[in-house]
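Please read the following report with the sequence and the structure side by side.

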Amino acid sequence: MTIRSCLFSSAAALSLLFSVGQAQAQAPAGPRPPAVFPDARTALTGGLRDAGIAASNLALEYSVAPPPGFFDPDALFAPPTNRAEAEALQARNRASPPRYSALALANSDMAMSNGRLFVGNFHGFNGYDVSRGGAPELVLSVVCPGGQGDVSVHGNLLFMSVEQNRARLDCGVKDAEGEVNAERFRGVRIFDISDLNAPRQVAAVQTCRGSHTHTLLPSASDPNVLYIYNSATSGVRKTDELSICSDGEPGTNAETALYSIDVIKVPLDAPEQAAIVARPRIFADAETGAIAGLWKGGRSGVSSQRTAGTNHCHDITVYPELNLAAGACSGNGILLDISNPEAPKRVSDLFDPDMAYWHSATFNNIGDKIVFTDEWGGGTSPRCRAEDPANWGANLIASVREDRTMEGRNFYKLPGIQMATENCVAHNGTLIPVPGRDLMVQAWYQGGVSIMDFTDPNRPTEIAYFDRGPIDASKMVVGGSWSAYWLNGRIYSSEIARGLDVLKLVPSQYLSAAEIAAAESVMVATINPQTQTRAVWADTPDVATAYLDQLTRASAVNAELATEVRSQIDPWRAGSPDSRGAARLARTLNAESEKATGADQMRMKALAGLFERMAG
């Protein structure tokens with residue numbers, strides 16, 4: 001199979017509408033995505049609770065089934081695979097309405113705060129105590145239907161995205177019916193969770209398109225203010241239901257609720273006063289001001305897939321320390337300046353004909369790379385089969401230049417072939433804080449969990465994985481890992497149908513014990529994956545050994561220098577550091593770093609700095 005690798009800006013993309021052949025012919029070839037091969041994951045046995053398991057350099061520590069009220073076999077969703085099946089399903093639903101809507105009890109996104117892990121669900125959310133290091137212990141269940149249920153936490157407040165028409169203001173389980181319903185709620189709920197035995201909803205901010213995902217952005221100037229960037233993907237509500245809303249394209253309605261995000265301001269001492277304060281037009285054309293200024297949607301060429309148009313963001317990740325946000329916005333990836341949180345401004349955008357739907361974004365630790373995911377097929381389709389292109393439904397790794405423009409570098413897709421009974425495509429993940437490397441753990445639905453090394457953005461590689469067989473070996477039933485996040489020393493995977501998995505890294509030729517220990521040493525009180533913070537490592541023997549292991553793995557140090565480094569680490573680990581020897585070694589490493597390049601130069605300089613501080 002011939003696979004194109006074309007990485008374009010949005011300006012180039014628009015020109016494709018008029019000169020597809022010429023633009024593709026002139027596009028730089030660039031690195032090709034890695035090949036996809038069968039491996040131990042390819043033909044695992046199926047089953048809801050007893051599916052086959054394959055793992056490489058990851059170990060499953062705990063698997064926790066969904067709590068009471070959050071699982072029912074009748075709620076498992078088997079999407080139709082062709083038009084005939086779709087018509088038959090619609091006919092059955094008209095004749096006998098099902099007990100559950102699609103994904104009605106599906107687990108979704110997660111957040112962690114003070115030893116509590118909160119797992120969103122289309123039916124509400126659950127909280128687990130993970131502070132003691134054993135199996136997660138259920139401490140809280142809140143029934144509040146409405147999907148999608150993504151959660152985040154700030155202090156004693158929990159925020160939840162609500163998108164579906166069935167949701168009610170009072171969290172009731174009876175659907176809010178009709179085109180217009182005063183009791184309907186679509187937007188961001190705010191709960192007070194200061195008492196886990198009695199959580200209570202204190203605010204419900206209504207939005208025009210509901211809330212598919214949301215992102216917390218603490219104010220840099222006022223500790224009493226928290227901003228929420230709300231991303232909404234569904235249809236616009238009727239004006240009769242919410243007066244601020246109106247539908248339509250900008251050409252006929254300049255006030256349309258499309259082509260914007262919501263900025264919600266939350267006074268932390270009075271969260272009940274939370275309200276929308278802006279709906280910025282972040283997709284506008286920089287020169288003309290036209291609201292619909294990015295990709296219009298459709299095919300960019302005869303061999304391209306159909307790509308989504310840009311009238312919303314699916315997910316926004318903020319990096320407050322850099323005053324930047326990365327938006328995965330349907331038809332484009334965008335970079336925002338968020339120095340004024342109420343008026344984010346687009347500074348760069350990307351288009352690529354191989355990205356069907358820009359879904360989520362993750363910065364690396366220093367902020368010079370972004371991983372954008374492509375949810376080709378919407379997450380309910382098998383997109384990791386042998387016949388599926390290796391750069392469709394994949395990650396696009398982009399670099400961020402000093403002038404804050406982005407450049408697409410290469411694709412990474414789950415390299416193990418999955419079966420037609422397994423929904424599989426790129427989904428949510430986070431960084432693993434290993435010093436000297438860019439590592440990302442990521443969910444791939446029923447493709448399982450994969451860890452990608454993208455330190456070299458041109459050559460991303462897999463270094464570990466965990467996977468189960470399909471829920472049902474005879475047909476496609478939606479399940480798998482929705483989110484896989486590194487949260488204070490462990491990987492937590494929110495499994496759509498099966499519950500919650502806890503995974504542990506295992507040392508291997510790709511990741512040493514010292515690198516794992518260095519990552520496990522980074523502890524953060526609150527983790528909202530869409531609000532990135534910079535990982536910082538203390539000067540420890542493990543961190544020094546991690547850098548040395550990386551340099552040795554890359555053959556970037558000779559045996560003599562490696563021995564000298566270890567001769568300084570060993571007494572340090574034993575409690576007797578040699579400050580004079582550390583000073584000499586730092587000078588040697590700094591001199592050697594001038595001969596190194598790329599990541600190896602950075603590692604050597606970081607190791608030299610560590611020994612300089614020890615000497616000081």
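Asn121 touches Phe70, Ala104, Leu105, Ala106, Asn107, Ser108, Gln148 and Gly149, when residues up to four places away in sequence are not counted, and contact here means heavy atoms within 4.5 Å. This is a predicted model, in which local features need pLDDT of at least 70 and side-chain atom pairs count only at pLDDT 80 or more, whereas totals for chains, interfaces and linings use all residues. Residues are numbered from 1 along each chain as its sequence is written, and side-chain values use heavy atoms, with hydrogens and water left out.

Asn121 is found in strand E4, which covers residues 116-121; strands (E, at least two residues) are DSSP runs, numbered from the N terminus. Asn121 counts as buried because its relative accessibility is 1%, where buried means under 20% relative accessible area, as judged with a 1.4 Å probe and protein chains only. The side chains of Asn121 and Asn107 are joined by a polar contact of 3.0 Å. A polar contact is a pair of N or O atoms within 3.5 Å; within protein, one must be able to donate a hydrogen and the other to accept it, and residues adjacent in sequence count only if both atoms are side-chain atoms.

Leu503 has its place in strand E29 (residues 499-505), and it counts as buried because its relative accessibility is 0%. Not counting residues up to four places away in sequence, Leu503 touches Ala59, Leu60, Glu61, Val449, Phe466, Arg490 and Ile491. Leu503 and Asn458 are 45 residues apart along the chain, and their C-alpha atoms are separated by 28 Å.

On a 1 Å grid over the protein atoms alone, a cavity is a set of points where a 1.4 Å probe fits but cannot get out, while a pocket is an open set with protein on both sides within 12 Å along at least five of seven lines; lining residues have an atom within 4 Å of a point. Grid points are joined across faces, edges and corners, and a volume is the space filled by probe spheres set on the points. By this rule there are 5 cavities of 30 Å³ or more.

| Space | Volume | Lining by class |
|---|---|---|
| Largest cavity | about 130 Å³ | 13 nonpolar, 1 polar and 1 charged residues |
| Second largest cavity | about 90 Å³ | 3 nonpolar, 6 polar and 5 charged residues |
| Second largest pocket | about 770 Å³ | 17 nonpolar, 4 polar and 7 charged residues |

In these classes, Ala, Val, Leu, Ile, Met, Phe, Trp, Tyr, Cys and Pro count as nonpolar, Asp, Glu, Lys and Arg as charged, and the others, Gly among them, as polar. The second largest cavity is lined by 14 residues, and Tyr445, Gly448, Arg468, Ser481 and Glu495 lie nearest its centre. Strand E26 (461-468) and strand E28 (490-495) each supply at least two residues of this lining, and the largest share, 3 residues, comes from E26.

Finally, the domain assignment, which is automatic or taken from a database, gives domain 1 (3-527) and domain 2 (541-615). The contact between them takes 13 residues from domain 1 and 11 residues from domain 2, and the C-alpha centres of domain 1 and domain 2 lie 39 Å apart.

Technical notes:
Helices (H or I, at least four residues) and strands (E, at least two) are DSSP runs, numbered from the N terminus. Buried means under 20% relative accessible area, exposed over 50%, partly exposed in between (1.4 Å probe, protein chains only).
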